[in-house]
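User: I am new to this structure and would like to learn how to read its main features. Could you take me through them one at a time?

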There are 2 protein chains.
Amino acid sequence: MIIIDYKDTRPIYEQIVEKCKKLILTGALRADEQMPSVRSLAMELSINPNTIQKAYAELERQGFTYTVKGRGSFVTGGDGLVRQRREECAEQIRALVREAMEIGVTREELIHMIEGM
Amino acid sequence: MIIIDYKDTRPIYEQIVEKCKKLILTGALRADEQMPSVRSLAMELSINPNTIQKAYAELERQGFTYTVKGRGSFVTGGDGLVRQRREECAEQIRALVREAMEIGVTREELIHMIEGM
DNA sequence: TAACTGTATTATCTATGATAGTACACTTAG
DNA sequence: CTAAGTGTACTATCATAGATAATACAGTTA
């Protein structure tokens, strides 16, 4: 289920891309499963089809989906995406940890925080 | 030193706010130290003074600086800011860790990663 | 064939960011 | 006191990105 947050400053198509990526990575949308059609999703979210198309084009560009003209958009198979996302996650965490350390947070505090989750 | 990245999609004033916050939190700009004047910084970065003013207003709104009319803008003292930023950092890390775990990364892997930094 | 897919194009509207120019009140060095 | 420096406020204008609107076309499939 996709919900648009109109208070969010980020553009709608970007929110859709991010939400779809999460659904795919968590397995909510399975490999080779068909994505909702451009028009139906636009109708469902009460937004313009062009906005959905922009989101879908970006998803395909990033390798999360593939499209067959006349048939629809489908979720890319394989776990390469998950591995890729893991690396991205790791890099983001590293960057934040670096920043935290710069202002005096210790390794121990961070580890303790993660252990307590 | 502040450098504007024109490839960055974020607005200039936002980049300036973020950079100043980092300089303050890391101690590069010390408490009660005077910030560059709106006009001089605008000149230095070759951008409009209004853009600097917008960034400075935001910095003050977030409590990072205080201003005295006719004198200038100054860095806020105290370590309340650092504590606040620590909390923000922690929350961001928690969110990322949650996401990482959703796609199968284990606590142990994360902790090992941090220990190795 | 009809109804569905994705894709492409053009035009328009809106909001945001940035610029430009000016003005005013305050502080301070001279 | 004056001049030059501060922050602040305001209006107008421009550029761009995001979103909408309305069509149109090619491919697929029941």
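User: What should I know before I start?

Analyst: This is a predicted model, in which local features need pLDDT of at least 70 and side-chain atom pairs count only at pLDDT 80 or more, while totals for chains, interfaces and linings use all residues. Residues are numbered from 1 along each chain as its sequence is written, and chains are lettered from A and ligands numbered from 1 in the order in which they are written.

User: How is the confidence read, and what is the average pLDDT of chain A?

Analyst: The predictor's confidence in each residue is given by pLDDT, on a scale from 0 to 100. For chain A the average is 93, and 100% of the residues score at least 70. Among the elements of chain A, the lowest mean pLDDT, 91, belongs to helix α4 (residues 80-102), and the highest, 97, to strand β2 (residues 72-75).

User: How many helices and strands does chain A have?

Analyst: Helices (H or I, at least four residues) and strands (E, at least two) are DSSP runs, numbered from the N terminus. Chain A has five helices and two strands, and from the N terminus on their order is α-α-α-β-β-α-α.

User: Which domains does the assignment give for chain A, and what is its radius of gyration?

Analyst: Domain bounds come from an automatic or database domain assignment, which for chain A gives domain 1 (12-75) and domain 2 (80-115). The centres of these two domains of chain A, taken over C-alpha atoms, are separated by 29 Å. The radius of gyration is also taken over C-alpha atoms, and the globule rule is 2.2 Å times the number of residues to the power 0.38; chain A has 18 Å, whereas a compact globule of 117 residues would have a value near 13 Å.

User: Which elements of chain A touch chain B?

Analyst: Two residues are in contact if their C-beta atoms, placed from the backbone, lie within 7 Å, and here the contact takes 24 residues from chain A and 24 residues from chain B. On the side of chain A that touches chain B, the elements giving two or more residues are α4 and α5 (107-115) of chain A, with α4(A) giving the most, 13 residues.

User: Which residues come nearest to each DNA strand?

Analyst: A residue is near a strand if its C-beta atom, placed from the backbone, lies within 6 Å of it. Around DNA strand D there are 24 residues, the closest being A:Pro11, A:Ile12, A:Asn48, A:Gly70 and B:Ser37, and α3(B) gives the most to this surface, with four residues. Around DNA strand C there are also 24 residues, of which A:Ser37, B:Pro11, B:Ile12, B:Asn48 and B:Gly70 come nearest, and the largest share of that surface, four residues, comes from α3(A).
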